[in-house]
Amino acid sequence: MIKLYDGGAYLVNRTEIIPDSAEALAAVKSKTGKDIAQQEAAKQTIAYGILEEHNTSGNMEKLRIKFDKLTSHDITFVGIIQTARASGLEKFPIPYVLTNCHNSLCAVGGTINEDDHMFGLTCAKKYGGVYVPPHQAVIHQFAREMLAGGGKMILGSDSHTRYGALGTMAMGEGGPELVKQLLCQTYDINMPGVVGVYLKGEPVKGVGPQDVALAIIGAVFGNGYVKNKVMEFVGPGVSSLSADFRIGIDVMTTETTCLSSIWRTDDEIKDFYDIHGRSGEYKELNPGEVAYYDGMIEIDLSAIRPMIAMPFHPSNTYTIEELNANLSDILHDVEKRAAVSLDNAVPYSLQDKVVNGKFMVDQGIIAGCAGGGFENICAAADILKGKYIGADGFTLSVYPASMPVYMELIKNGCAATIMETGAVMKTAFCGPCFGAGDTPANNAFSIRHSTRNFPNREGSKLQNGQISSVALMDARSIAATAANKGQLTAATDFDGEIGKYKYHYDANIYANRVFDSKGVADPSVEIQFGPNIKDWPSMVALTDNLVLKVVSEIHDPVTTTDELIPSGETSSYRSNPLGLAEFTLSRKDPQYVGRAKEVQAAEKAREASQNPCETLAELAPVMEKIQKKFADANAENVGIGSTIFAVKPGDGSAREQAASCQKVLGGWANIANEYATKRYRSNLINWGMLPFIIPEGELPFENLDYIFIPDIKKAVEEKWDEIKAYVVKDELVEFTMTLGGLTDEEREIILKGCLINYNRI
């Protein structure tokens, strides 16, 4: 079904894979009659060509990328624009689209969600942007319909910013990276590896894009095969897939931890642009005659079967057939994994979902950028036709990804078919993807064609003793399950016809409702603020030395951004840095905020030229021990802050607040064995936090220990390979950390204290 090559590989004539070996280039020559070096073949990927066109450094090993367009939604754009305003923003220099698809319901916190929306509208007018009102489209569907273009690059402040199927290389990053683009700066990375994804065959009836995506995620997440690399989809199997099918696979590549994605394009994609009235944006993209890839994933689409990602990660994958055949063993394994993810905080069992030997689910959701596409919903309607979901506890909700998609579903009758079953059709909204809509009952099991199934991602609150589960599935198998009134069923068991529906796009829907400045700024517009919209607090520059208190220690194999700062209703406070910070680690370590604030109070005293040891009494003996070895250490040159340790933090969302909330509570560093994603590490750096790395194994410190790091400022300035630190026990116990690779700009940002300071000072 899926084969991972051990090393690199050549793709010859776009159809034949030759694994890298001592004989590989000779084999390439025999096929093509040409001598070609590996270095030259690596330049023949689609990804290389797009990156080269957008690189401003003149050095393809050290990229400085300028993007064509930017996108943000309503739980990120306020913080981004506030950061940019504090850094001197006068006008959006490139198209910037502000969508309102996350806090759309305006149901939590009084006026604060709609206040954010009005902030966005007035900023779009003042700075020359595009504003998409609530319920019109989820961010990524609008980008597909209105922004994508062949060979273009888009940067978004949502992790699922992926438009590779349309020939657009897109990346999801934390807000500060968008701020840099707004300030005409660049996105600086080393040239990423490029992994080929070679598709052959075609899917069988009942298999959808989520099935293919989950199969890929299950194969590559755990081993890091594509981490921080570009996935390039090639091979004859691409042409067997519709544009919607490709989009459905592509959006889920985020869950592999890849950097971005790109696909070869053909007439299917040309038709997509034609349908949306943007024919000029189509560009045929193919790798060269001989292209070298740093890795190769070979997928036989005909061998993919309906998949399910069990709680609590998209990589915890099985075929539905396998799960149904081995219920006891698999459920027991899921429960063991859950005990680790949930820290045994609440009882967790799935055994009560087995009724008469069948697995019964409580809720189905088809939604968002992954599930809400036209073809997914049409296929679900065909499977549900003539059925009903029953009058018991099982529910089904369907969220089309945009109003144009919804309109066409109404016109072709699929919406009516779905509603006749007892299911509910809702407007474009991302809520089910992050816990702000259709939260199931405690201990319920929800199957969703959405993006993630992390703990509490469905809206339950672990700190309140609540837990429910999300499993990821394709819309087709969700519909088959709904037709069976909640009995887990693979869509391949459906023996009826799944039709092919033609899509007709109605451009008037956006033309009549979306504000588009056409890039013209109006400085006379006054920005509309609400009482929850706050400025970022001031942040000081890095001091010569640091004392850090470890205030949380997390030993899960992976820590998600949801666990660092929860989603759901807390998203309403993302325009209020200090207000949101109160929720930091609340579902993982409820004591974190109080501990961090105690340390921060000492630092605030130090900054006010007061004695920090009088504010935090436990600091006095710590400083005494430090001064025995480092006599010059004092309140003028020793900054005081907090840090957390996590094995592998930062999987999941691009949300900058996973880092910024720690910063505004006095955090000065993270210590990890590895960072799960580039975007989380970048968020730390952009908020002036040190991304320390220590080797896997026994920790030199414990939670609540103090760590002294002498000469940290000099270490950053002089690019030291290793940084000596000391755990303050009865004596100072030395250990070593590293910072990994930092660009010169990243070092300056850390030295200045944060990106705002870097641009303002």
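**The open sheet and its helices**

Tutor: Strand β1 pairs with strand β15 (residues 295–300) in the antiparallel sense, over 3 bridges. Within this pairing, Lys3 has Glu298 of β15 as its bridge partner. Two strands count as paired if DSSP finds at least two bridges between them. Helices (H or I, at least four residues) and strands (E, at least two) are DSSP runs, numbered from the N terminus.

This is a predicted model, in which local features need pLDDT of at least 70 and side-chain atom pairs count only at pLDDT 80 or more, while totals for chains, interfaces and linings use all residues. Residues are numbered from 1 along each chain as its sequence is written, and side-chain values use heavy atoms, with hydrogens and water left out.

The pair belongs to an open sheet of 5 strands in the order β1-β15-β11-β12-β13, with mixed pairing. Its edge strands, each pairing on one side only, are β1 (2–4) and β13 (260–263). Direction ignored, neighbouring strands of this sheet are turned by 20 degrees against each other on average. Axes are lines fitted to C-alpha atoms, for helices over the stretch in contact, and angles run from 0 to 180 degrees between N-to-C directions.

Helix α3 (residues 46–54) packs on the sheet and touches β11 (194–200), β12 (230–234) and β13; contact means heavy atoms within 4.5 Å. The direction of α3 makes about 115 degrees with that of β13. Helix α8 (residues 209–220) lies across β1, β12 and β15, and α8 runs at about 35 degrees to β1.
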